[in-house]
Amino acid sequence: MLKAIDMHVHILTGDRARQGWGPANKAGLPLSTGKWTTDPNNMAEMYQSMDMMAVIFDVDGETRSGMKIDNGETAAWVKKYPQTFIGFGSVDPWKGKIAEREVDRCADLGLRGMKFQQAAQGFDPTNERFYPIYEAIIRHKMPVIFHTGTTAVAAGSPGGRGIILEYCKPIPYMDNLAARFPEMQIIMAHPSWPWHDDQLAVLRHKGNTYMDLSGWAPKYFPASTVHNINTLVQDKAFFGTDYPMMTPERWLSEFADLPLKDSVRPKILLHNAAKLLGIEAAAPLSATQS
Ligand SMILES: [Zn+2]
């Protein structure tokens with residue numbers, strides 16, 4: 001029986017797959033894969049062994065990085081492991097019309113949502129030039145993940161290799177987007193440190209916003225985040241690891257130690273994501289009993 005959905009899992013495709021995680025790891029991205037590897041075959045086996053599904057995606061930052069990704073490869077992994085993987089696409093917003101058409105292609109390929117990383121892609125998500133891309137995403141009723149909070153990408157390097165953290169602020173960026181596009185289901189990735197309280201304000205105010213709890217060890221979640229996912233935003237938070245930056249094993253063991261209600265845990269692990277993604281999942285015990 002399906003136990004959990006990991007909302008945030010990275011794979012590499014295209015040029016990036018050929019290059020592998022080595023350079024990113026050297027540039028400061030912490031890899032933490034345990035006994036598993038970053039080969040999607042291996043990752044599928046890992047998630048199957050834990051009765052989980054995983055939302056997989058790559059990130060297209062070609063304008064900045066010169067590296068091509070291939071959403072078709074993401075779709076091919078989903079096709080190979082349809083019981084385990086849910087695919088999201090990615091477009092480099094600087095590509096304009098090409099990016100718009102690629103959103104359509106992602107939908108045709110069976111990808112279920114889109115993912116942006118404003119730091120790595122170097123863009124202001126509220127700039128109107130990107131609106132047509134959001135309109136394409138909305139046409140396909142795709143939820144969309146935006147990075148929020150600081151990033152491990154290039155952390156510690158001189159000038160953070162030119163990456164600007166500003167665009168990863170929940171307020172004003174995610175708040176403005178959510179207000180401008182109420183039909184867009186916006187998932188703010190990560191607990192958004194050091195802007196976690198702003199993220200909680202957006203979650204509580206904008207009905208079309210969600211968060212994933214990836215990329216941050218649960219034992220270091222801010223107290224206000226723990227309090228809110230246990231109460232007011234319990235229907236809007238998703239389990240996520242940010243694999244290969246963190247293993248599901250570690251995330252789950254630390255999550256188990258958080259002071260959360262038993263009725264809330266299955267929502268965060270499974271039911272909130274299942275509902276958003278339209279995946280059938282057995283009702284939690286507490287719900288069937290009431
Ligand atoms: Zn990530």
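I started with Arg16, which is partly exposed at 21% relative accessibility (buried means under 20% relative accessible area, exposed over 50%, partly exposed in between, with a 1.4 Å probe and protein chains only). The model is predicted, so I kept to its rules: local features need pLDDT of at least 70, side-chain atom pairs count only at pLDDT 80 or more, and totals for chains, interfaces and linings use all residues. Residues are numbered from 1 along each chain as its sequence is written, and side-chain values use heavy atoms, with hydrogens and water left out.

Which residue forms a salt bridge with Arg16? I found Asp58, with the closest N and O atoms 2.8 Å apart (a salt bridge is a side-chain nitrogen of Lys or Arg within 4 Å of a carboxyl oxygen of Asp or Glu). Helices (H or I, at least four residues) and strands (E, at least two) are DSSP runs, numbered from the N terminus. Asp58 is buried, at 0% relative accessibility.

I then looked at Arg18. Its salt bridge goes to Asp15, with 3.2 Å between the closest N and O atoms. Arg18 is exposed at 66% relative accessibility, and Asp15 is partly exposed at 26%.

Next came Glu166 and Lys169, whose side chains meet in a salt bridge at 4.0 Å, N to O. Glu166 is partly exposed at 34%, as is Lys169 at 24%. I also noted a network: Asp60, Glu62, Lys68 and Lys95 are joined by salt bridges that share partners. My total by this rule is 13 salt bridges.

**Zinc site**

What coordinates the zinc ion? I listed His8 (NE2), His10 (NE2) and Asp242 (OD), at 2.0 to 2.2 Å. Donors are N, O and S atoms within 2.8 Å of the metal (3.2 Å for Na, K and Ca); water is not among the atoms, so sites may look incomplete. The donor spacing in sequence reads H-x1-H-x231-D. His10 lies in strand β1 (residues 4-10) and Asp242 in the loop between β8 (237-238) and α12, so this pair ties together parts 232 residues apart in sequence. His10 is buried at 10% relative accessibility. Asp242 is buried too, with a relative accessible area of 10%.

**Helix α12**

I checked which residues of α12 (residues 248-256) are buried, and got Pro248, Trp251, Glu254 and Phe255. Seen down the axis, they fall within an arc of 140°, so they line one face of the helix; the arc is that of the directions from the helix axis to the C-beta atoms. These buried residues pack against α3 (40-49), β2 and α13 (265-277), where contact means heavy atoms within 4.5 Å.

How do the axes of α12 and α13 cross? They come within 11 Å and cross at roughly 145° (axes are lines fitted to C-alpha atoms, for helices over the stretch in contact, and angles run from 0 to 180 degrees between N-to-C directions). Trp251, Leu252, Phe255 and Ala256 of α12 make the contact with Arg265, Ile268 and Leu269 of α13.

I looked up Ile137 in helix α8 (residues 131-139). Ile137 is buried, at 0% relative accessible area. Leaving aside neighbours within four places in sequence, I found Ile137 in contact with Val103, Met114, Phe116, Met142 and Val144. The C-alpha atoms of Ile137 and Met114 are 7.6 Å apart, with the residues 23 apart along the chain.

In α9 (residues 170-180) the buried residues are Pro170, Tyr173, Met174, Asp175, Leu177 and Ala178. They pack against several elements, including α8, β5 (144-147) and α10 (196-205).

**Backbone checks**

I noted a cis peptide bond from Ile171 to Pro172, with omega near 15°; Pro172 lies in α9. The bond from Tyr243 to Pro244 is cis as well, with omega near 10°, and Pro244 is in the loop between β8 and α12.

Ala154 lies in the loop between β5 and α9 and is buried at 2%. His190, not a glycine either, has a positive phi of about 75°. His190 is in the loop between β6 and α10 and is buried at 7%.
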